[in-house]
Structures are given as C-alpha cells and as structure tokens.
Amino acid sequence: MTAGCFTHLDTPLGRLLLTAGPDGALTSLHCARDVPEGLRQDPGPFAEARAQLDAYFAGELRAFRLPLRAHGTEFRRRVWAALDEVPYGTTLTYGELAARIGAPRAAVRAVGGALGANPLLIVRPCHRVIGADGSLTGYAGGLDRKVRLLTLEGALNGEEAYASPAGSKIRSRW
C-alpha cells in the first residue's frame with residue numbers, strides 16, 4: 001500500500017468511514033464524514049477492523065487490538081492514551097480523565113476538546129466519558145450514538161431515557 005486509503009462500513013450506528021495510512025494503521029473512524037482528499041478506496045486493508053467492529057457490535061469483543069495512528073498535540077495524545085485504558089462497560093468523568101493524565105481539575109474543558117478531536121470513534125472510547133453530574137455530554141458521533149454504545153456495553157439501561165445538556169430526552173434504540 002503506497003497511499004492512504006478508505007472504506008465505508010455499515011453498522012448498527014449507521015455508515016462509518018474508516019481511513020488508514022500507508023502502513024495500514026487506522027487513522028480515523030467517523031460517522032458518515034466526507035472522504036479526505038488524496039485517499040483511494042480500498043476495503044482490503046480494513047478486514048481486521050471490520051471483523052473487530054462486527055464482533056464489538058455483536059457483544060463479543062470488549063477491547064480492540066488494531067494498529068492506530070492519530071495525530072494530535074502532546075496533550076491530546078496523553079488524553080487519548082488514558083482513554084484507551086478505560087475498560088469496556090465503565091464510565092468516568094472529564095475530571096477523572098484529567099486526573100489520570102496529571103492535569104488539574106480546571107483542565108476539564110481541554111480534556112473535552114481532546115475528546116472532541118478524537119479521530120477514532122468507538123475504538124478509542126470517548127463515549128465512556130460523562131459529565132460530573134452523570135449527564136451524557138458531547139459526543140462527536142451524536143448523543144444518540146453515545147447512548148447506544150453505552151447501552152451495548154451495559155453501562156446504561158437501554159429502557160431509560162437520559163437527558164441531554166439541552167434538556168431533551170434521548171432514548172436508546174439499539
């Protein structure tokens with residue numbers, strides 16, 4: 001493989017876009033985003049990612065084992081590394097994540113910014129981070145998808161409705 005490539009994958013969350021670098025490492029996984037310029041479509045390098053995502057959505061996989069390569073500042077890479085250690089089926093707050101990287105409690109907004117910049121949704125589990133009051137706040141894939149992922153992992157009861165920061169109710173439709 002000499003150039004980066006991409007493929008689409010249909011999942012219970014909708015269509016996902018996966019990209020990989022020339023070395024085959026996964027560089028992004030997004031919910032229906034435009035394909036970056038310069039990438040060629042080639043589903044071949046994504047066979048293992050597809051198999052692991054299928055197993056995850058079937059409830060058979062709890063930890064992804066894929067080569068990942070995401071570019072970000074040193075702070076973002078520290079947040080992402082700590083995020084990679086959050087176990088399946090658990091949640092933690094932005095403040096707890098800040099503490100894990102040795103940042104002060106006041107860094108919760110910066111932690112939120114790093115999570116918002118996470119290019120590897122699902123495999124790098126930013127959906128497991130919640131507000132200090134237990135509210136489901138922000139997710140680049142949308143709060144409905146966050147609820148569905150946390151319900152799949154058993155961290156939420158899919159029969160309950162959860163309030164979004166705007167006050168609207170979100171229900172899991174897994």
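1. A residue is called buried here when its relative accessible area is under 20%. By that cut-off Thr11, with a relative accessible area of 14%, is buried. The model in which this value was computed is a predicted one, and the points below should be read with that in mind.

2. Thr11 belongs to strand 1, which covers residues 5-11. A polar atom of the Thr11 side chain lies 2.8 Å from the backbone oxygen of Gly14, and Gly14 is itself part of strand 2, residues 14-20. If the neighbours within four places in sequence are set aside, the residues in contact with Thr11 are Leu16 and Phe57; of these, Leu16 falls in strand 2, whereas Phe57 falls in helix 1, residues 47-57.

3. Strand 1 as a whole is mostly covered, five of its seven residues being buried. Strand 1 is joined to strand 2 by a hairpin through two residues, and the two strands run antiparallel with seven bridges between them. On the other pairing, strand 1 runs parallel to strand 4, and two bridges join them. Cys5, for its part, stands opposite Arg40 in strand 4.

4. What is the order of the strands in the open sheet? The four strands follow the order 3-2-1-4, and the pairing is mixed. Strand 3 and strand 4 (40-41) are the edge strands, each of them pairing on one side only. As background, strands of a sheet pair through backbone hydrogen bonds, either parallel or antiparallel.

5. Strand 3, residues 26-31, deserves a separate remark: although strand 3 is an edge strand, six of its six residues are buried. Strand 3 runs antiparallel to strand 2, and five bridges join them; within this pairing, Leu26 of strand 3 is the bridge partner of Ala20. The two strands form a hairpin with five residues between them, and in the turn Gly24 has a positive phi of about 90°.

6. Which strands does helix 1 lie across? Helix 1 lies across strand 1, strand 2 and strand 3, and runs at about 20° to strand 1.

7. Turning to helix 2, residues 74-83, the buried residues include Val79, Trp80, Ala82 and Leu83. They lie on the same side of helix 2, because the arc that they cover around the axis is only 160°. In general, an α-helix has 3.6 residues a turn, so residues three or four places apart point the same way. The buried residues of helix 2 pack against helix 3 (94-100), helix 4 (108-116) and strand 6 (129-130).

8. How do helix 2 and helix 4 cross, and within what distance do their axes come? The two axes come within 9 Å and cross at roughly 80°. Angles of 65 to 115 degrees count as roughly perpendicular, so helix 2 is roughly perpendicular to helix 4. Helix 2 makes this contact through Phe75, Arg76, Val79, Trp80 and Leu83, while helix 4 contributes Ala110, Val111, Gly113, Ala114 and Leu115. Val79, Trp80 and Leu83 are also among the buried residues of helix 2.

Notes. Residues are numbered from 1 along each chain as its sequence is written. This is a predicted model: local features need pLDDT of at least 70, side-chain atom pairs count only at pLDDT 80 or more; totals for chains, interfaces and linings use all residues. Side-chain values use heavy atoms; hydrogens and water are left out. Buried means under 20% relative accessible area, exposed over 50%, partly exposed in between (1.4 Å probe, protein chains only). Two strands pair if DSSP finds at least two bridges between them. A polar contact is a pair of N or O atoms within 3.5 Å; within protein, one must be able to donate a hydrogen and the other to accept it, and residues adjacent in sequence count only if both atoms are side-chain atoms. Contact means heavy atoms within 4.5 Å. The arc is that of the directions from the helix axis to the C-beta atoms. Axes are lines fitted to C-alpha atoms, for helices over the stretch in contact, and angles run from 0 to 180 degrees between N-to-C directions. Angles under 35 degrees count as roughly parallel, over 145 as roughly antiparallel, 65 to 115 as roughly perpendicular and the rest as oblique.
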